[in-house]
Amino acid sequence: MTHDLTTHFTGLRFVNPFILASAPPTESKRKILKAFESGWGGVVTKTIGLHPVENVAGPRTIFQRASEEKPYVSRNKRPDTVSHSSWNWELISDQPLDLWLPDLEEIKTTYPDRMLIASIMAGAGSAAEMENWRTLARACVAAGCDALELNMSCPHMDRKDMGAHIANDEDIIRAVLGAVTGAVDVPVWVKLTPSSSSLVDGARAAYAAGAAAISLCNTFPSLPLLDPETMKFEVEVDGLVTSGGLGGLAILHQALQRVSDISRAFPDKAISGIGGIRGFREAFNFIAHGAGTLQVCTAAMEEKGSGGIGVNLIQELTGDLGDYLQRKGHASIEEFRGIARDRIVEHSQIRRKSEVYNGGYAQSA
Ligand SMILES: Cc1cc2nc3c(=O)[nH]c(=O)nc-3n(C[C@H](O)[C@H](O)[C@H](O)COP(=O)(O)O)c2cc1C
(Lines give C-alpha, C1' and ligand atoms only; values in the text may rest on other atoms or scores of the structure.)
Protein backbone atom coordinates (compact mmCIF):
# COMPACT_ATOMS: atom_id res chain seq x y z
CA MET A 1 0.00 0.00 0.00
CA THR A 2 1.37 3.43 -0.86
CA HIS A 3 1.49 5.94 1.99
CA ASP A 4 -0.90 8.90 1.88
CA LEU A 5 1.20 11.99 1.10
CA THR A 6 -1.63 14.53 1.16
CA THR A 7 -0.25 17.93 2.10
CA HIS A 8 -2.19 21.07 2.93
CA PHE A 9 -0.42 24.29 2.02
CA THR A 10 -1.83 27.85 1.83
CA GLY A 11 -5.34 26.42 1.99
CA LEU A 12 -4.78 24.11 -0.97
CA ARG A 13 -4.78 20.32 -0.95
CA PHE A 14 -1.80 18.70 -2.67
CA VAL A 15 -1.79 14.95 -3.33
CA ASN A 16 1.91 15.14 -2.48
CA PRO A 17 4.16 18.09 -1.58
CA PHE A 18 6.30 17.90 -4.75
CA ILE A 19 5.88 20.66 -7.32
CA LEU A 20 7.65 21.33 -10.60
CA ALA A 21 9.11 24.84 -10.32
CA SER A 22 8.52 27.61 -12.84
CA ALA A 23 10.99 26.75 -15.63
CA PRO A 24 11.26 24.69 -18.86
CA PRO A 25 9.54 21.61 -17.28
CA THR A 26 6.37 23.72 -17.00
CA GLU A 27 6.68 25.78 -20.18
CA SER A 28 3.88 24.10 -22.16
CA LYS A 29 0.55 22.33 -21.86
CA ARG A 30 2.11 19.12 -23.18
CA LYS A 31 4.80 19.05 -20.49
CA ILE A 32 2.44 19.99 -17.64
CA LEU A 33 -0.08 17.29 -18.61
CA LYS A 34 2.75 14.74 -18.70
CA ALA A 35 4.01 15.98 -15.34
CA PHE A 36 0.60 15.44 -13.74
CA GLU A 37 0.26 12.05 -15.40
CA SER A 38 3.64 11.15 -13.87
CA GLY A 39 2.49 12.06 -10.37
CA TRP A 40 3.66 15.58 -9.54
CA GLY A 41 1.37 17.16 -6.92
CA GLY A 42 1.50 20.60 -8.50
CA VAL A 43 3.23 22.76 -11.04
CA VAL A 44 4.16 26.41 -11.11
CA THR A 45 3.94 27.47 -14.76
CA LYS A 46 6.90 29.04 -16.53
CA THR A 47 6.48 32.75 -15.73
CA ILE A 48 3.86 34.48 -17.88
CA GLY A 49 4.17 38.21 -18.66
CA LEU A 50 2.91 40.90 -20.99
CA HIS A 51 6.20 42.55 -22.02
CA PRO A 52 8.24 41.51 -25.11
CA VAL A 53 10.45 38.41 -24.63
CA GLU A 54 13.38 37.63 -26.93
CA ASN A 55 15.93 35.08 -25.75
CA VAL A 56 19.69 35.14 -26.48
CA ALA A 57 20.95 33.77 -29.81
CA GLY A 58 22.62 30.75 -28.19
CA PRO A 59 21.95 27.99 -25.65
CA ARG A 60 19.68 29.18 -22.83
CA THR A 61 20.76 26.59 -20.26
CA ILE A 62 23.82 24.45 -19.66
CA PHE A 63 24.27 21.59 -17.21
CA GLN A 64 27.61 21.48 -15.41
CA ARG A 65 29.16 18.36 -13.99
CA ALA A 66 32.00 17.63 -11.58
CA SER A 67 34.39 14.67 -11.63
CA GLU A 68 36.73 13.10 -9.11
CA GLU A 69 39.54 12.63 -11.56
CA LYS A 70 41.11 16.03 -12.34
CA PRO A 71 38.19 17.58 -10.51
CA TYR A 72 36.80 20.53 -12.32
CA VAL A 73 33.32 21.75 -13.06
CA SER A 74 32.36 21.95 -16.70
CA ARG A 75 29.61 21.32 -19.18
CA ASN A 76 32.15 19.32 -21.22
CA LYS A 77 31.17 15.69 -21.63
CA ARG A 78 33.53 13.45 -19.58
CA PRO A 79 33.16 9.95 -18.16
CA ASP A 80 32.24 9.41 -14.50
CA THR A 81 30.86 12.83 -13.73
CA VAL A 82 28.10 13.83 -11.36
CA SER A 83 25.70 16.72 -11.60
CA HIS A 84 26.93 20.00 -10.13
CA SER A 85 24.55 22.72 -11.35
CA SER A 86 22.53 24.29 -14.08
CA TRP A 87 23.38 27.73 -15.41
CA ASN A 88 20.80 29.65 -17.42
CA TRP A 89 20.02 33.04 -18.82
CA GLU A 90 16.59 32.17 -20.14
CA LEU A 91 13.89 34.84 -19.96
CA ILE A 92 10.31 34.21 -18.92
CA SER A 93 7.81 32.39 -21.18
CA ASP A 94 7.66 33.60 -24.77
CA GLN A 95 4.14 32.14 -25.10
CA PRO A 96 1.68 35.05 -24.95
CA LEU A 97 -1.03 35.19 -22.29
CA ASP A 98 -3.90 34.62 -24.71
CA LEU A 99 -2.30 31.33 -25.83
CA TRP A 100 -1.65 30.27 -22.22
CA LEU A 101 -5.26 30.74 -21.10
CA PRO A 102 -6.97 27.91 -23.04
CA ASP A 103 -4.02 25.66 -22.11
CA LEU A 104 -4.42 26.42 -18.40
CA GLU A 105 -8.15 25.72 -18.64
CA GLU A 106 -7.58 22.36 -20.32
CA ILE A 107 -4.89 21.35 -17.82
CA LYS A 108 -7.10 22.16 -14.84
CA THR A 109 -10.11 20.38 -16.35
CA THR A 110 -8.02 17.30 -17.11
CA TYR A 111 -6.39 17.16 -13.65
CA PRO A 112 -8.79 18.85 -11.19
CA ASP A 113 -7.03 17.30 -8.15
CA ARG A 114 -3.60 18.70 -9.07
CA MET A 115 -2.55 22.19 -8.06
CA LEU A 116 -1.95 24.57 -10.94
CA ILE A 117 -0.09 27.69 -9.89
CA ALA A 118 0.49 30.45 -12.44
CA SER A 119 3.76 32.34 -12.17
CA ILE A 120 3.27 35.91 -13.35
CA MET A 121 5.55 38.93 -13.74
CA ALA A 122 5.07 42.57 -14.70
CA GLY A 123 6.91 45.81 -14.04
CA ALA A 124 6.51 48.31 -11.28
CA GLY A 125 7.40 51.67 -12.73
CA SER A 126 3.89 52.95 -13.50
CA ALA A 127 0.16 52.58 -12.94
CA ALA A 128 0.02 50.74 -16.27
CA GLU A 129 2.45 48.10 -14.94
CA MET A 130 0.33 47.64 -11.80
CA GLU A 131 -2.64 47.11 -14.11
CA ASN A 132 -0.56 44.47 -15.94
CA TRP A 133 -0.19 42.52 -12.68
CA ARG A 134 -3.97 42.67 -12.23
CA THR A 135 -4.64 41.63 -15.84
CA LEU A 136 -2.34 38.63 -15.58
CA ALA A 137 -3.74 37.63 -12.19
CA ARG A 138 -7.41 37.88 -13.18
CA ALA A 139 -6.89 36.04 -16.46
CA CYS A 140 -4.97 33.10 -14.93
CA VAL A 141 -7.44 32.71 -12.08
CA ALA A 142 -10.40 32.88 -14.47
CA ALA A 143 -8.72 30.08 -16.47
CA GLY A 144 -8.78 27.88 -13.36
CA CYS A 145 -5.43 28.38 -11.63
CA ASP A 146 -5.52 27.49 -7.94
CA ALA A 147 -2.91 30.03 -6.86
CA LEU A 148 -0.48 32.60 -8.21
CA GLU A 149 3.26 32.92 -7.71
CA LEU A 150 4.52 36.48 -8.22
CA ASN A 151 7.94 36.45 -9.81
CA MET A 152 10.05 38.99 -7.91
CA SER A 153 13.20 37.02 -8.53
CA CYS A 154 14.03 36.75 -12.24
CA PRO A 155 17.79 37.46 -12.29
CA HIS A 156 17.98 38.29 -16.01
CA MET A 157 16.30 41.67 -16.31
CA ASP A 158 18.04 44.90 -17.37
CA ARG A 159 14.78 46.70 -16.46
CA LYS A 160 15.17 48.00 -12.93
CA ASP A 161 11.42 47.79 -12.23
CA MET A 162 11.17 44.02 -12.82
CA GLY A 163 12.19 40.62 -11.48
CA ALA A 164 14.93 40.37 -8.86
CA HIS A 165 15.42 44.15 -8.75
CA ILE A 166 12.06 44.80 -7.11
CA ALA A 167 12.59 42.32 -4.26
CA ASN A 168 14.87 44.88 -2.62
CA ASP A 169 12.14 47.51 -2.48
CA GLU A 170 9.53 46.88 0.22
CA ASP A 171 7.23 49.64 -1.08
CA ILE A 172 7.09 47.95 -4.47
CA ILE A 173 6.51 44.54 -2.89
CA ARG A 174 3.57 46.01 -0.95
CA ALA A 175 2.18 47.82 -4.00
CA VAL A 176 2.31 44.72 -6.23
CA LEU A 177 0.69 42.54 -3.58
CA GLY A 178 -1.97 45.19 -3.01
CA ALA A 179 -2.77 45.21 -6.72
CA VAL A 180 -2.91 41.42 -7.05
CA THR A 181 -4.71 40.51 -3.81
CA GLY A 182 -7.29 43.22 -4.59
CA ALA A 183 -7.95 41.63 -7.97
CA VAL A 184 -8.23 37.91 -7.19
CA ASP A 185 -9.30 35.63 -4.41
CA VAL A 186 -6.75 32.79 -4.51
CA PRO A 187 -3.58 32.24 -2.43
CA VAL A 188 -0.77 34.48 -3.67
CA TRP A 189 2.78 33.18 -3.28
CA VAL A 190 5.78 35.48 -3.76
CA LYS A 191 9.05 34.18 -5.19
CA LEU A 192 11.82 36.39 -3.84
CA THR A 193 15.39 36.56 -5.08
CA PRO A 194 17.98 34.89 -2.83
CA SER A 195 20.44 37.65 -3.75
CA SER A 196 18.53 40.39 -1.92
CA SER A 197 20.46 42.05 0.88
CA SER A 198 17.20 42.47 2.80
CA LEU A 199 15.48 39.14 2.33
CA VAL A 200 13.81 39.02 5.75
CA ASP A 201 12.52 42.59 5.37
CA GLY A 202 11.19 41.75 1.92
CA ALA A 203 9.45 38.65 3.25
CA ARG A 204 8.00 40.64 6.15
CA ALA A 205 6.58 43.21 3.72
CA ALA A 206 5.17 40.47 1.50
CA TYR A 207 3.51 38.50 4.32
CA ALA A 208 2.07 41.70 5.84
CA ALA A 209 0.65 42.69 2.45
CA GLY A 210 -1.17 39.38 2.09
CA ALA A 211 1.30 36.87 0.65
CA ALA A 212 0.14 33.36 1.55
CA ALA A 213 3.66 31.97 1.07
CA ILE A 214 7.21 32.88 0.13
CA SER A 215 8.86 30.68 -2.50
CA LEU A 216 12.64 30.43 -2.15
CA CYS A 217 15.00 30.23 -3.99
CA ASN A 218 15.25 31.31 -7.58
CA THR A 219 18.67 30.77 -9.17
CA PHE A 220 21.69 32.62 -7.77
CA PRO A 221 23.28 35.32 -9.96
CA SER A 222 26.54 33.93 -11.35
CA LEU A 223 28.91 33.79 -14.32
CA PRO A 224 29.75 30.75 -16.46
CA LEU A 225 33.34 29.50 -16.50
CA LEU A 226 36.03 30.50 -18.99
CA ASP A 227 37.95 27.65 -20.64
CA PRO A 228 41.70 28.32 -20.23
CA GLU A 229 42.53 26.57 -23.54
CA THR A 230 39.92 28.00 -25.87
CA MET A 231 39.37 31.29 -23.99
CA LYS A 232 35.63 30.76 -24.56
CA PHE A 233 33.03 30.99 -21.84
CA GLU A 234 31.17 27.70 -21.49
CA VAL A 235 28.18 29.59 -22.79
CA GLU A 236 28.50 32.85 -24.70
CA VAL A 237 27.16 34.71 -27.70
CA ASP A 238 29.76 36.40 -29.94
CA GLY A 239 32.30 36.02 -27.14
CA LEU A 240 30.12 37.88 -24.66
CA VAL A 241 28.23 36.77 -21.58
CA THR A 242 26.27 38.37 -18.77
CA SER A 243 25.12 37.37 -15.31
CA GLY A 244 22.91 34.28 -15.34
CA GLY A 245 21.37 32.00 -12.73
CA LEU A 246 22.95 29.02 -10.98
CA GLY A 247 20.61 26.20 -9.94
CA GLY A 248 20.87 22.56 -8.90
CA LEU A 249 22.90 20.83 -6.22
CA ALA A 250 25.49 23.64 -6.06
CA ILE A 251 22.93 26.01 -4.48
CA LEU A 252 21.38 23.58 -1.98
CA HIS A 253 23.16 24.81 1.14
CA GLN A 254 22.68 28.47 0.34
CA ALA A 255 19.01 27.91 -0.46
CA LEU A 256 18.52 26.10 2.87
CA GLN A 257 20.09 29.02 4.70
CA ARG A 258 17.70 31.49 3.02
CA VAL A 259 14.71 29.30 3.85
CA SER A 260 15.92 28.97 7.43
CA ASP A 261 16.28 32.77 7.76
CA ILE A 262 12.66 33.29 6.71
CA SER A 263 11.36 30.32 8.65
CA ARG A 264 12.99 31.44 11.92
CA ALA A 265 11.80 35.02 11.46
CA PHE A 266 8.22 33.94 10.60
CA PRO A 267 7.69 30.44 12.02
CA ASP A 268 3.93 30.55 11.49
CA LYS A 269 4.11 31.52 7.84
CA ALA A 270 4.24 29.27 4.77
CA ILE A 271 7.38 28.67 2.68
CA SER A 272 7.77 26.72 -0.55
CA GLY A 273 11.37 25.41 -0.61
CA ILE A 274 13.39 25.39 -3.84
CA GLY A 275 17.04 24.90 -4.74
CA GLY A 276 19.07 21.78 -5.41
CA ILE A 277 16.46 19.14 -4.64
CA ARG A 278 17.48 15.89 -6.33
CA GLY A 279 15.95 13.37 -3.99
CA PHE A 280 14.41 12.76 -0.59
CA ARG A 281 17.40 13.87 1.52
CA GLU A 282 17.41 17.38 0.09
CA ALA A 283 13.62 17.60 0.29
CA PHE A 284 13.79 16.43 3.93
CA ASN A 285 16.22 19.24 4.76
CA PHE A 286 13.92 21.91 3.34
CA ILE A 287 11.01 20.49 5.36
CA ALA A 288 13.16 20.34 8.52
CA HIS A 289 13.89 24.05 8.10
CA GLY A 290 10.18 24.83 7.70
CA ALA A 291 9.15 24.43 4.06
CA GLY A 292 5.64 23.05 3.51
CA THR A 293 6.03 22.21 -0.20
CA LEU A 294 9.09 21.43 -2.33
CA GLN A 295 9.79 22.72 -5.82
CA VAL A 296 12.18 21.10 -8.30
CA CYS A 297 13.69 22.29 -11.58
CA THR A 298 17.26 21.26 -12.49
CA ALA A 299 16.99 17.61 -11.41
CA ALA A 300 13.83 17.19 -13.50
CA MET A 301 15.43 18.85 -16.52
CA GLU A 302 18.48 16.60 -16.25
CA GLU A 303 16.52 13.35 -16.22
CA LYS A 304 17.23 11.55 -19.45
CA GLY A 305 14.53 10.02 -21.62
CA SER A 306 11.50 11.57 -19.98
CA GLY A 307 11.31 14.89 -21.76
CA GLY A 308 12.89 16.81 -18.90
CA ILE A 309 9.99 16.65 -16.48
CA GLY A 310 11.26 14.11 -13.95
CA VAL A 311 8.98 11.15 -14.60
CA ASN A 312 11.21 8.79 -12.59
CA LEU A 313 12.19 11.49 -10.11
CA ILE A 314 8.63 12.02 -8.88
CA GLN A 315 8.20 8.27 -8.39
CA GLU A 316 11.41 8.20 -6.37
CA LEU A 317 10.52 11.29 -4.32
CA THR A 318 7.04 10.07 -3.41
CA GLY A 319 8.26 6.52 -2.79
CA ASP A 320 11.09 7.61 -0.51
CA LEU A 321 8.94 10.12 1.39
CA GLY A 322 6.24 7.47 1.86
CA ASP A 323 8.78 4.96 3.16
CA TYR A 324 10.19 7.54 5.57
CA LEU A 325 6.79 8.53 6.95
CA GLN A 326 5.91 4.90 7.46
CA ARG A 327 9.25 3.99 9.08
CA LYS A 328 9.10 6.96 11.47
CA GLY A 329 5.38 6.59 12.20
CA HIS A 330 4.52 10.07 10.89
CA ALA A 331 1.08 10.81 9.47
CA SER A 332 2.41 13.66 7.32
CA ILE A 333 5.39 15.99 6.81
CA GLU A 334 3.76 18.39 9.30
CA GLU A 335 5.06 16.15 12.09
CA PHE A 336 8.68 17.03 11.38
CA ARG A 337 8.33 20.31 9.52
CA GLY A 338 10.50 22.99 11.13
CA ILE A 339 12.30 20.67 13.55
CA ALA A 340 15.68 22.19 12.66
CA ARG A 341 14.50 25.73 13.44
CA ASP A 342 15.52 25.89 17.11
CA ARG A 343 18.92 24.37 16.42
CA ILE A 344 20.09 27.25 14.23
CA VAL A 345 21.54 29.80 16.67
CA GLU A 346 23.94 32.74 16.90
CA HIS A 347 27.62 31.86 16.53
CA SER A 348 28.31 32.74 20.16
CA GLN A 349 25.71 30.20 21.33
CA ILE A 350 27.83 27.32 20.03
CA ARG A 351 29.90 25.72 22.81
CA ARG A 352 33.59 26.73 22.89
CA LYS A 353 36.65 24.85 24.08
CA SER A 354 37.17 27.41 26.81
CA GLU A 355 34.28 28.61 28.97
CA VAL A 356 34.33 32.31 28.28
CA TYR A 357 33.57 33.67 24.83
CA ASN A 358 31.87 37.00 24.30
CA GLY A 359 31.20 36.79 20.62
CA GLY A 360 34.60 38.26 19.77
CA TYR A 361 34.42 41.13 22.30
CA ALA A 362 37.02 41.45 25.07
CA GLN A 363 34.31 41.13 27.73
CA SER A 364 30.53 40.81 27.80
CA ALA A 365 28.70 44.11 27.31
C1 LIG B 1 16.30 27.24 -17.57
C2 LIG B 1 15.62 27.78 -16.35
C3 LIG B 1 14.55 28.66 -16.51
C4 LIG B 1 13.90 29.19 -15.39
N5 LIG B 1 12.83 30.03 -15.55
C6 LIG B 1 12.18 30.52 -14.50
C7 LIG B 1 11.01 31.34 -14.65
O8 LIG B 1 10.55 31.61 -15.76
N9 LIG B 1 10.42 31.81 -13.51
C10 LIG B 1 10.88 31.52 -12.26
O11 LIG B 1 10.28 31.97 -11.26
N12 LIG B 1 11.96 30.73 -12.08
C13 LIG B 1 12.62 30.23 -13.17
N14 LIG B 1 13.69 29.39 -12.99
C15 LIG B 1 14.17 29.08 -11.60
C16 LIG B 1 13.60 27.76 -11.10
O17 LIG B 1 12.20 27.81 -10.97
C18 LIG B 1 14.20 27.42 -9.70
O19 LIG B 1 13.83 28.43 -8.79
C20 LIG B 1 15.72 27.28 -9.72
O21 LIG B 1 16.18 26.63 -10.87
C22 LIG B 1 16.24 26.55 -8.47
O23 LIG B 1 15.76 25.25 -8.41
P24 LIG B 1 16.67 23.95 -8.81
O25 LIG B 1 17.91 24.02 -7.99
O26 LIG B 1 15.80 22.77 -8.54
O27 LIG B 1 16.97 24.12 -10.27
C28 LIG B 1 14.35 28.85 -14.09
C29 LIG B 1 15.42 27.95 -13.94
C30 LIG B 1 16.05 27.42 -15.05
C31 LIG B 1 17.19 26.44 -14.86
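I take a residue as buried if 20 or more other C-beta atoms lie within 10 Å of its own. The model I examined is predicted.

**Entry 1: the whole protein.** By that criterion I found that 46% of the 365 residues count as buried. I then listed the secondary structure, which comes to nine helices and 15 strands. The radius of gyration is 21 Å, close to the 21 Å that the globule rule gives for 365 residues, so I recorded the protein as being as compact as a globular protein of that length. Along the principal axes, the C-alpha atoms fill a box of roughly 65 × 55 × 50 Å. I also looked up contacts with a separation of 6 or more: residues 24 or more positions apart account for 70% of them.

**Entry 2: helix α9.** I noted that α9 covers residues 311-328 and reaches 26 Å from its first C-alpha to its last, close to the 26 Å expected. Its residues L313, I314, L317, T318 and L321 are buried. Seen down the axis, the buried residues of α9 fall within an arc of 125°, so they line one face of the helix. On the other side of α9 I found Q315, Q326 and R327 exposed. Which elements do the buried residues of α9 pack against? I found β3, α1, α7 and α8. Just after α9, G329 takes a positive phi of about 70°.

**Entry 3: the ligand.** I counted 30 residues around the ligand, of which A21, N88, G247, C297 and T298 come nearest. The elements that give two or more residues to this shell are β7 and α8. By class, I recorded eleven nonpolar, 15 polar and four charged residues in the shell.

Notes: Residues numbered from 1 in each chain as written. Predicted model: local features only at pLDDT ≥ 70, side-chain atom pairs only at ≥ 80, totals over all residues. Near = placed C-beta within 6 Å. Helix = DSSP H or I, 4+ residues; strand = E, 2+ residues; numbered from the N terminus. Nonpolar A, V, L, I, M, F, W, Y, C, P; charged D, E, K, R; others polar. Expected span 1.5 Å × (residues − 1). Buried ≥ 20, exposed ≤ 12 C-beta atoms within 10 Å, placed from the backbone. Arc of directions from axis to C-beta. Contact = placed C-beta atoms within 7 Å. Rg over C-alpha atoms; globule rule 2.2 N^0.38 Å.
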